[in-house]
Amino acid sequence: MDASIEKIDEAGSSLWQDAWVKLRKNRLAICGLVVLLLLGLVSLLTPWIAPYGYEEQNLILGASPPSAEHWLGTDIFGRDMLTRIMYGGRVSLTVGLIATAVALMIGVLWGATAGFVGGRVDAVMMRLVDILYALPFMIFIVLLMVVFGRNIFLLFFAIGAVEWLTMARIVRGQVMTLRKQEFVEAAYSLGLSQWTIIRRHIIPNTLGPVIVYTTLTIPSVMLLEAFLSFLGLGIQPPQSSWGLLISYGVETMEEFPWLLIFPGLTLSITLFALNFLGDGLRDALDPRTSKD
Amino acid sequence: MSQTTAYQNHKTATQSSSTHTTKTSTAALLFGAVMMVFLSGCGTDETNVSKGNETGTLHWGNGTEPQSLDPHIATGVPEHHIISSIMEGLVTKDSTTLEPKPGVAESWEISEDGRVYTFHLRHDARWSNGDPHTAEDYVWSWWRALQPALGSLYAYMYYAIDNAQEYYEGTITDFEQVGVKALDEHTLQVTLENPTPYFLQLLDHYSLFPVHRPTLEKFGAPDERGTRWTYEGNIVTNGPFQLTEWQINRRVVVERNPYYWDRDTVRLNKIIFYPTENAVSEERMFRSGQLHYTNDIPADKIPVYKESGDPTLEIAPYLGTYFYRINTNLAHLKDPRVRRALAMTIDREQITERITKAGQIPTYALTPPGTMGYYPPSDLSFDPEAARKLLAEAGYPNGEGFPVTEILYNTNEGHRKIAVAIQQMWNKYLNIEIQLLNQEWKVYLDSESAGDYQISRASWIGDYVDPNSFLDMFLCGGGNNRTGWCNEEFDRLILDEAPTAKTHAKRLEIFTQAETILLADLPIIPIFTYTSKHLVSPAIKNKGTNLLDQTMYKEIYLESDSGSNGGDN
């Protein structure tokens, strides 16, 4: 255990440099990273490279299977599916990114503070989490929407503000066990400040579960967005997102399977990529696996 | 019955807890295919339908959770189904021809001048708690329905009765002067303002149904809305069935009423009404033998059912119009030219052929064509060029400066699809920006009534077969008007001229004049004339089909050896 402290003090190679070296060796993770970067790039460039307009209807064409003009077919309004998926990706990826970042930030800070300080502060903070857990999440979101109006960024934020609870619990549990470990006591005895200990020792050690949980949060956030949009609280037609495309696709999967398959495939690929990358990151970042 | 929630696939959102729904949707998304296998697999075992056929239990897809079971408050079709099974008016109607048939009244006489109706009530008519059911019940119930504090949206249904309008509007305060009297315990005399050809049909409408006075008084003031008198265990009714269970968003169960006068005719023991908001899952429920009858069919499934010649598919003419209400109080929608421009840029043929797909007929007028020989006038047509000119004249050349406008609809797949198509048509032809907003059925009804909308999806199903059932909706301040539109000439034609018309032809002419006024101003945008469409299990017998899509539950019976639903599709 002392090794880790020494290593940092030596400043030979930082945790992050180490991680990057290890990550590069993990081919699956790199594949995931490349796929995600590609998706992000396509999303950024969508307004310029999309073959059609996302709201362009062609009712006479209706739902048509993939063809030369429409590579992924068209939906019941005759709108190009490829374009819809590209535009949907913008919304879904943004939601995934922003909401998860919000959840991550609040959750890690909250959980780490509660777990590290402990005692009465911990009790109060975690009871607050319990209360928020008990609060029906729909009511919370609906209230937010009523007070602040329908706004897509508010929606992202609201989802994040709901998703942080589990994160806080996970981090707190981790921190509580870490706090009692010898290497933390050693750090204390070396005279490090509390803040340094949290930053240098506690947080890096909680990264594993946090990363895994984050990769799980992103898909659930995307689905949540679809659900809310569907209820009229999120994005509205003619805009779209992957979640919405899938939930519409499910309805007609027997008649027009391509309306479900392509958005489903896109979401699955994204989630796989995220999971591989998450897995790789966890292996790379976990200080406990870094003793080679 | 009035507005339907249903029209196509209702998608959504059972109002269960969020986590539950999220989980369900996740499961549906990821394991849709697996679910299908599972669902079709369970069709072979004991199902609701096969058990129901044995026990006389009818499983009925009812579209949505009822807003209320109070007959003087409800306004929707889903409510109508339940209310018509547990309550009965003086007169009922034939399930196929819609001819009036004796209900609580076993006979009636009409005076020479057609203004005085004398009803003879059955001596064996009883409430579901055994109380005798008398003429006084009607006098009291109608008094209650006309209390302004109750805010019945259907109060205008009473205007055929002498002095009812005056009483409702407060110009007279003595209910004695209103034309309804109990001559004795079993004789009710109703005096009309004018001879009203459809008056007997009105009596089968729930807004004129009687309510049980002691029950209402037990749970609050008679003119108080939303008291607990309609809850399970409290409600006392006079129909073939009685309410025995009401689980919000799960089911409403009615069972045979042992005191009903015609109990020997009733063959079903029980009806279970399900709030099937999502037509896609409703159709799956039907195929897996969980429902005898669906409220709706997803539009995209209709061609599939038609191709395979499935006998469970039932599409029939339906006396209803699908239209958009416009809130004429809003500055940018006040100008009739704007409303006309909007109406002229909806390509209705595209909508009925490509989106709704059940043989709906594009319409440019409110009243369905052919209602009692009435063919509505209309000079509207699909004409984007002229529409752009109108919009420019109204001060929005090329749509510039036109505020972002919102279309409100109740959460339903079919409504959404139509709204998405119209959104795009308006954007394309008029260059104006439209947003969509969906709300759950009850919330949507409230928003619409409160005028808290800009443009709202709406529909109207005839309450009786007469143009009046459509046109009197748009009287000034009428409970179902909701557009803020008011025209004195229109009111005069509907309230004074039409009822006193000497001949049927003259009457229709007056309706034509009135509808011309309405269509010149267009507080509404007519879109198409409905067809009714359901999946009906072959086990259901003796259910007539009719233009109003109303069901006489007391006549239905189930035959157990009729095989399973639907077969494969």
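Start at Ile361 of chain B. Ile361(B) stands opposite Thr529(B), which sits in strand S16(B). This is a predicted model, so keep that in mind throughout. The strand pair here is S12(B) with S16(B), residues 524-535. They run antiparallel, and two bridges join them.

Now the helix beside them. H11 of chain B, residues 348-356, packs on the sheet. H11(B) touches both S12 and S16 of chain B. The direction of H11(B) makes about 20° with that of S16(B).

Step back to the whole sheet. It is open, it has six strands, and the pairing is mixed. Read across, the order in chain B is S12-S16-S11-S15-S13-S14. Which strands stand at the edges? They are S12, residues 361-362, and S14, residues 434-439, both in chain B. Each has a single partner strand, so one side of each has no neighbour in the sheet.

On to a second sheet in chain B. This one is open too, with four strands in the order S1-S10-S9-S8. Its pairing is also mixed. The edges are S1(B), 57-61, and S8(B), 241-247, and each pairs on one side only. How are neighbouring strands turned against each other? On average by 20°, with direction ignored.

S8(B) pairs with S9(B), residues 251-256, in the antiparallel sense. For one position, find Trp246(B): it stands opposite Val252(B) in S9(B). A helix packs here as well. H3 of chain B, residues 77-86, touches S8, S9 and S10 (270-274) of chain B. The direction of H3(B) makes about 140° with that of S8(B).

One more strand pair in chain B. S6(B), residues 180-184, and S7(B), residues 187-191, pair antiparallel over four bridges. S6(B) and S7(B) form a hairpin, with two residues between them. Asp184(B) has Thr187(B), in S7(B), as its bridge partner.

Next, the domains of chain B. The assignment gives three pieces. Domain 1 is 17-24 plus 318-531. Domain 2 is 26-66 plus 241-315 plus 532-558. Domain 3 is 88-225.

Take domains 1 and 3 of chain B. Their C-alpha centres lie 31 Å apart. The contact takes 13 residues from domain 1 of chain B and 14 residues from domain 3 of chain B. Which helix gives the largest share on the domain 1 side? That is H16 of chain B, residues 488-500, with three residues. By class, the domain 1 side has five nonpolar, five polar and three charged residues.

Last, chain A. How many helices and strands does chain A have? Eleven helices, zero strands. The C-alpha trace of chain A spans about 75 × 45 × 30 Å along its principal axes.

One helix in chain A deserves a stop. H9(A), residues 194-230, has 37 residues. Its end C-alpha atoms are only 46 Å apart. A straight helix would reach 54 Å at 1.5 Å a residue. Where is the kink in H9(A)? At Leu207(A), about 45°, shortly before the proline Pro209(A).

That's the tour. Questions, please.

Definitions and conventions
Residues numbered from 1 in each chain as written. Chains lettered and ligands numbered in written order. Predicted model: local features only at pLDDT ≥ 70, side-chain atom pairs only at ≥ 80, totals over all residues. Expected span 1.5 Å × (residues − 1). Bend = angle between axes of the 7 residues up to and from the residue. Domains from an automatic or database assignment. Contact = placed C-beta atoms within 7 Å. Nonpolar A, V, L, I, M, F, W, Y, C, P; charged D, E, K, R; others polar. Pairing = 2+ DSSP bridges. Axes fitted to C-alpha atoms, helices over the stretch in contact; angles between N-to-C directions.
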